[in-house]
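Hi,

Here's the structure I promised to send over. Have a look at it first, and then read on for what turned up.

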Amino acid sequence: MGLKSELRNQRQIVLSNLPALINRWVLQLMLDGVTLKKSSIASQIDMEQVTELLGDAIDSIPVDEFGDPKPEHVVSLLQHKLKEQLSEPYILPATFDNNVSKMGQAVGLNEVEQRVLAFAVLLQAYRSLYQAADRIKVNGRKDLAHRISKLIDCPEVEVAQALAKTGRLHQTGLVTFSFNSLSDMANSIELLNNENALHLVEQPCEPMDWLMGLIEPGKAAELTWEDFAHVAKPLAVLRTYLRQALTHKRTGVNVFVYGVPGTGKTQLARLLAQDLQTQLYELSLVDENDRPIGPEKRLKTMGAMNNILANSQGMTLVDEVEEIFFEGSNFVFLTGYRRSHSGGGHSQKAWINRQLESNALPTVWVSNSLNGMDPAFVRRFDMVLELPVPPLGQRLRLVQQLAGHLLTPAHAKQFADCEHLAPAVLTRAMGVVQSIDHELPAHQQSEALHMLVNNTLKAQQHGDLSRYKTGLPELYDPRFVNTTADLSTLARHLADVRDRKS
């Protein structure tokens, strides 16, 4: 057996695993891109794909003086094969068909929209189909609708409606269509979650599985209500409001929480969901390959999730929202809404405002600051809550709760004195110390933890821990002050007042 035959047989094994519908579509697209000029046929046909599609039949095709199959005979054989396949009914793989049907029911897609969605997924799942579509140039929505309609056996006018920005596919965020002139067909169809395409085809999936890697189940809260005692009054209102919103399934419920890093904003969102006994969905910041997920995709993901869970209960956490709302962020370039014309910025704002008005699940948006945020966005939120740095007493309790077993009282106090020390920095440093605790004497663990935290704070440009020392020196003893007042009691009361005002 020659090398060419061996490679062809290997390709045929791969081909035999593909759904019949994929082969039919590859044939249709391949022939759709061939003009009547025989001189150009050879450059328009992917002969590797032809070999996969025709198998041994390619050996019966007459060859030219260079030993290559004659293009016009290749086209004739492909046309004959396509005619046979077109006589077969439109059938999706059974598992995938069920997955698409479930999604269609969840977000209200009609039959044509479901077929367009299925094509978009299969386009990303199978390389041969993508390569065939990549060779086709489309000119606008009408041309794209015409080509897709021939593939999925649906009326062109209904496919055009399915591709429209007002259609359910675009509104849910599951599929986005671009209609630039003479763009590649494959690049004109953007699936929200390309990475998940093959899994959707081969494995039984629920609608939320379509967003795998874009949304994470909320994690358990590591803080308690005691850690937020300094904002107890606004939180009492917030907890009551969210409880009512969940009970009455109110739409467009949005809360903006901001504060410097380390104040517990993300933990608060998790604690709220835990308190309300509802599922929390956290929008991922990176995909399964650790690549950052852009702001437009995160908003589309949220839109898709709200459509899928429209009749369910839950809450959404959107962390690090600076690039979504803040002026000067890259979002204006990523969305493509802000063009050279003057009205682009208004289109961008209108799109985000629609997201805020229509979300089915109450959403907590988290940011480090309000600086740079358009006031028009701020007034769209039901509540805006600032989380200030907790007072010293609460910080000391949190440090002791997290790392009291590793720290000396002096080091614990020094950590609490630093307003810039985020709990995440402390827990990460603890992980290092605890991983080597069997080799580190107990009396050195506090020193090691202090060194790690101090180095991180300096790297964050917060300075050395020693600069945050508060209170009197350890050697100071108020008993030796010549006064009739009880200075220890006075100092204790002053500290209580300072904590209440913090």
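Let's start with a cysteine: Cys418 has a relative accessibility of 1%, so it counts as buried, the cut-off being under 20%. Bear in mind that this is a predicted model. Cys205 is also at 1% relative accessibility, and therefore buried as well. As for disulfides, a search through the whole structure comes up with zero.

Cys418 also shows up in one of the nonpolar cores. The largest of these has 86 residues, and the members that touch the most others are Phe325 and Trp365. Helix 7 (residues 111-125) is the top contributor to this core, giving 10 residues. Cys418 belongs to a second, separate core of 49 residues, which also includes Met315, Ala412 and Val453.

Back to Trp365 for a moment. Setting aside neighbours within four places in sequence, its contacts include Asn254, Phe256, Leu299, Met302, Phe325 and Phe381.

The other thing to look at is helix 22 (residues 423-435). Which of its residues are buried? Those are Val425, Leu426, Ala429, Met430 and Val433. They cover an arc of only 135° around the axis, so they sit on the same side of helix 22. Ala424 and Arg428, on the other side, are exposed. The cover over the buried residues includes helix 20 (392-403), helix 21 (409-417) and helix 23 (442-459).

Cheers

Notes
Residues numbered from 1 in each chain as written. Predicted model: local features only at pLDDT ≥ 70, side-chain atom pairs only at ≥ 80, totals over all residues. Heavy atoms only, no water. Buried < 20%, exposed > 50% of the residue type's maximum accessible area, 1.4 Å probe, protein only. Helix = DSSP H or I, 4+ residues; strand = E, 2+ residues; numbered from the N terminus. Arc of directions from axis to C-beta. Contact = heavy atoms within 4.5 Å. Core = buried A, V, L, I, M, F, W, Y, C linked by side-chain atoms within 4.5 Å. Disulfide = S-S within 2.5 Å.
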